[in-house]
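Let's take a look around this protein together. Keep the structure open as you read, and start with what sits inside.

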Amino acid sequence: MAKVLLTGGSGFIAAHILDQLLAAGHSVVTTVRSAAKAAKIREAYLSQVASGDLVVAIVPELSRADAFDDLIKQTPGLEVVLHTASPFHFNFTDPQTALVDPAVTGTTSILHAISKYAPTVRRVVVTSSFAAILDEARTTDPATVFSEASWNPVTLADIHRSPATAYRLSKTLAERAAWDFVRDQGDKINFDLVTINPPMVFGPLAHPEHVGELERVNTSNQRVANLLRGGWKQEGGVPDVGVAWIWVDARDVAAAHVKAGLEVPETGGKRLFVTAGKYSNAELARIVRKHFPEYAELLPGEEALAAGEIPPEEKRYRYDNSATDKLLGIKYRSFEESIVDTVKSLKKIGA
């Protein structure tokens, strides 16, 4: 079993990674940004904390260049680092300080710390995003095929185009900084790099009690919560699915991190584009209606669902993640299973 550092352990995806790492018997050090979040994780894993298999550390500010130095100095024997900590929200006034700086500096700071203080680390896995793959100008082009080799051409000049563009910029710059670091360091470092690039991520909350209330759920599941509370019906229609009409379950993204970090050596030096395929907001609403009749009065009618379908084939890009699937061999959960499990978890906090 390995000793693993997992950053951002209270995050939506990271919480599932933590579950899977501990279930497999690994020793984990995980970071959070506050004492309150640390207390919740310790409470959920009392036996692992007592045995020393789980240590929860506080790293309050990701945008500091030395954010992880002290922790890594004080944690000997690390073998694998899974870096998931990065902001994903649209509640900001300055995208540079709210998204870009913590994403980029958080990534480069942990790589610098590993290179200086953790010679035993053999692999680093960074959570990136489909946001770093897609090109906004080509999302309606059926001749475009996005794959592991594709890069978003967004630059800092585009930061104020929209909140979504600012988020995509943060993920793109952070991932590029990681690959640039490994390239520039060459033989000076003992670890290789893997990045995980999921699109829209749905799925249940690993620990709904840690979230506490619907207003605090992760960004992707906010649309499910809004549907369950009657928001789509009140707004007079189903939201446009946008350009990210491919998806994956959080538990499968977590499995990709664990496989890439600890189980599949061949992933070293690779970008992994994990997706279960297409979804639509119309399908989401139909699944909820089918499995949860108690919400029927809060859901939009069938006549309102057309706006939530994905674009026709002649007006949408294509994608190819076959290289990733060949490496990881993940059997992805269905959208129906994912949404049913998501709703069940949201019901526990008031949906």
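A nonpolar core is a set of buried Ala, Val, Leu, Ile, Met, Phe, Trp, Tyr and Cys residues joined through side-chain atoms within 4.5 Å. Buried here means under 20% relative accessible area, exposed means over 50%, and partly exposed is in between (1.4 Å probe, protein chains only).

Before going on, note that this is a predicted model: local features need pLDDT of at least 70, side-chain atom pairs count only at pLDDT 80 or more, and totals for chains, interfaces and linings use all residues. Residues are numbered from 1 along each chain as its sequence is written, and side-chain values use heavy atoms, with hydrogens and water left out.

So which residues have the most contacts inside the largest nonpolar core? They are Ile196, Phe202, Leu284, Val288 and Leu346, in a core of 75 residues. Helix 10 (residues 250–263) gives this core its largest share, 8 residues. Another core, of 27 residues, lies apart from it and includes Leu62 and Trp179.

Now for the sheet. Helices (H or I, at least four residues) and strands (E, at least two) are DSSP runs, numbered from the N terminus, and two strands pair if DSSP finds at least two bridges between them. Here 7 strands form an open sheet with parallel pairing, in the order 3-2-1-4-5-7-10. Strand 3 (54–58) and strand 10 (271–272) are the edges, each pairing on one side only.

Strand 1 (residues 3–7) is largely enclosed by the rest of the structure, because 4 of its 5 residues are buried.

| Partner of strand 1 | Bridges | Direction |
|---|---|---|
| Strand 2 (residues 27–32) | 4 bridges | parallel |
| Strand 4 (residues 80–83) | 4 bridges | parallel |

Leu6 has Thr30 of strand 2 as its bridge partner. On the strand 4 side, Val4 is partnered with Val80, and Leu5 stands opposite Val81.
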